[in-house]
Amino acid sequence: MKKDLSYYAPPGMELEQGKKVFIIGMVMSTIFSFWIFGIEFSNCLEKLYWKNGAERCVIPGAVMPDFTVILGGSLLGFDIIFALMIAVIVMHYGYHTWESKSIYTMRRLPSRWELHRRCLTLPICGMIIARVTAFVILLICYGFYVGLTPKECLMSGQWQKILVWFL
Amino acid sequence: MLELQNVSKSYVGKKALKNINLQIPQGEIIGLFGENSAGKTTMMKCILGLLRYSGKITLDGEPITHKNITRLSFATCEHSFFPGLTALGHKEFYGEHFQKFSEKRFDSLMKFFDLPMNKVLSSFSTGQKNQFEVILALSQGADYILMDEPFAGNDIFNREDFYKVLLGILEPNETVFLSTHLIEEVSGFIGRAILIHKGEIIGDVSVMELEEEGKDLVSFIKETYQYRSDRVSKALEEMTGEEES
């Protein structure tokens, strides 16, 4: 048997559709994250300045809200993908009992982990990919946050807050 | 030798198997008969480890685990193939997981039953699905082939073809344990009949011994079940009588 993606899915399960949905979901979530964060961040950034003619000056004492507050629900798309992957696990196990009882075959295999390997591998990979991508996007957004916010407006202890928020 | 010792199985509020003791040596074709809900399927599922049970089931003295499970195969009317996989995909899957899988037997049987190799199983007719289920069980390379009413939905011609093939291809070490309601049809080629009723074995007889006694399997089964052939006419009489009065 070829060791392509189907090797890690229930035998005979249609994968192409799921793969497309996952990729589209990831792209949409990425766009959504940057878009929502960009709007919120630019609004907050704008509030730090006042215009002195053509010149933009930082309002004395102005403070940029915490990064986690600005980030808000920007990464929601990845949370949805994570939750969907749990549904996929249920679907993978269910596949073995819906149209036929192929669960009997899976449970008779000499390799006792075969059933779980085929039901769990791809959704768990999907969860990890969603989580890692969300974290990378968070880092990029944080880069913008730190890089574009005037130093005097930044509050300390952002990282601790981010880690608590992300985990 | 497949051996069941004091095997019992209960579902909520119901005893499905009651202290079953059974020995199944290699190289026999055994029929398992019983009314609906008698415990035939439950017994097979217990042997395969698909259900929890109390008692002991051993294969050549060893408990049945993942190490020796490949010595058992299973064909069921519920179907245990993968609906989205082609016949060819099944061949590859079985070849990968069952060391003794016989590609030659698989190919021959596919050809004999004229089944398509590249179509997914969900597109097969019910009869074809049953045939394929049996083909997989026979090709797995198992010593004990358990079949649970594998022909439900097949026509008589299909079934007769299958019986002929079965008799022709079985190796001397292969055992078939066949649960079916089609007593008359299988009586000609089974060597032993086991009768189960409400979770208990009520008869275990060699067909040859029966023949020596001048009995046939169907009569023996009816006798053992205390089947009352006159009950239909009596019931009809009663019903007709009620209408008249």
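## Terms and model

A salt bridge here is a side-chain nitrogen of Lys or Arg within 4 Å of a carboxyl oxygen of Asp or Glu. The model is predicted.

## Form of chain A

Chain A contains 6 helices and 2 strands, in the order α-β-β-α-α-α-α-α from the N terminus. Its C-alpha atoms occupy a box of roughly 75 × 30 × 25 Å along the principal axes. The radius of gyration of chain A is 23 Å, whereas a compact globule of 167 residues would have one near 15 Å.

Of the 167 residues in chain A, 38% are buried. Carbon and sulfur atoms account for 70% of the accessible surface of chain A, which is about 9,500 Å².

## Charges and salt bridges

Chain A carries 16 positive and 11 negative side chains, with the centres of the two sets 11 Å apart. Over all chains there are 17 salt bridges.

In one of them, A:Arg56 pairs with A:Glu46, with 3.5 Å between the closest N and O atoms. This pair joins strand 2 (residues 55–58) to helix 1 (residues 16–46) of chain A, its two residues being 10 residues apart. A:Arg56 is partly exposed at 38% relative accessible area, and A:Glu46 is partly exposed at 45%.

## Pairs in chain B

B:Glu103 and B:Lys91 form a salt bridge at 4.0 Å, N to O. B:Glu103 is in helix 3 (residues 103–112) and B:Lys91 in helix 2 (residues 87–97) of chain B, so the pair ties together parts 12 residues apart in sequence. B:Glu103 is partly exposed, with a relative accessible area of 43%, while B:Lys91 is buried at 13%.

Methods
Residues numbered from 1 in each chain as written. Chains lettered and ligands numbered in written order. Predicted model: local features only at pLDDT ≥ 70, side-chain atom pairs only at ≥ 80, totals over all residues. Heavy atoms only, no water. Helix = DSSP H or I, 4+ residues; strand = E, 2+ residues; numbered from the N terminus. Rg over C-alpha atoms; globule rule 2.2 N^0.38 Å. Buried < 20%, exposed > 50% of the residue type's maximum accessible area, 1.4 Å probe, protein only. Areas by Shrake-Rupley, 256 points an atom, 1.4 Å probe, with all protein chains shown as cover. Lys, Arg positive; Asp, Glu negative; His and termini not counted. Charge placed at Lys NZ, Arg CZ, Asp CG, Glu CD.
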